[in-house]
Amino acid sequence: MNQKVTVYTTTMCPVCKMVKNFLNLNDIPYEEVNLEIHPIAMVKLISKTGKFTVPQTNINGKWISGFDPVGLLKAIQV
C-alpha cells in the first residue's frame, strides 16, 4: 500500500512530537512540513483545513487533527 503522509508541525509543539513518534514506531514513512520554516505552507494549511492548530496530518487527502492514533491508523489502512 503506497501512502502519502504529511505532518504539519512547529518546533516546540509537544503533540507534533507525539504524532511523529507514533508514525516512527509504526514504521509509517512521512514528510514533515515545519510551519515555522515554511510560513506559506501555513497559509495554505489554514485555507485547506480551516484550523489554526498543529499538528495537522494529511494521509492521502484525509486530514487528521492533533494526536489521534485510531484516526491515523484508520486513514492509513483505507
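Is Lys20 buried or exposed, and what is its relative accessible area? In this predicted model, Lys20 is buried, with a relative accessible area of 17%, a value under the 20% cut-off for that class.

**View 1. Salt bridge between Glu32 and Lys20.** The closest N and O atoms of the two side chains are 3.1 Å apart. The pair links distant parts of the chain, with Glu32 in strand β2 and Lys20 in helix α1 (residues 14–25), twelve residues apart. Glu32 is partly exposed at 36% relative accessibility, whereas Lys20 is buried.

**View 2. Salt bridge between Glu31 and Lys4.** The N to O distance is 3.0 Å. Glu31 belongs to strand β2 (residues 31–34) and Lys4 to the segment before β1 (5–9), so the contact ties together parts that are 27 residues apart in sequence. Glu31 is partly exposed, at 40% relative accessibility; Lys4 is also partly exposed, with a relative accessible area of 46%. The salt bridge count for the model is two.

**View 3. Buried side of helix α2 (residues 39–49).** The buried residues of this helix are Ala41, Leu45 and Thr49. Around the axis they cover an arc of only 50 degrees, which puts them on the same side of α2. Elements covering these buried residues include β1, β2, β3 (56–59) and β4 (62–65).

**View 4. Opposite face and end of helix α2.** Ile40, Val43 and Ser47 are exposed residues on the face of α2 turned away from its buried side. Gly50 follows the helix and has a positive phi, near 75 degrees.

Key
Residues are numbered from 1 along each chain as its sequence is written. This is a predicted model: local features need pLDDT of at least 70, side-chain atom pairs count only at pLDDT 80 or more; totals for chains, interfaces and linings use all residues. Side-chain values use heavy atoms; hydrogens and water are left out. A salt bridge is a side-chain nitrogen of Lys or Arg within 4 Å of a carboxyl oxygen of Asp or Glu. Helices (H or I, at least four residues) and strands (E, at least two) are DSSP runs, numbered from the N terminus. Buried means under 20% relative accessible area, exposed over 50%, partly exposed in between (1.4 Å probe, protein chains only). The arc is that of the directions from the helix axis to the C-beta atoms. Contact means heavy atoms within 4.5 Å.
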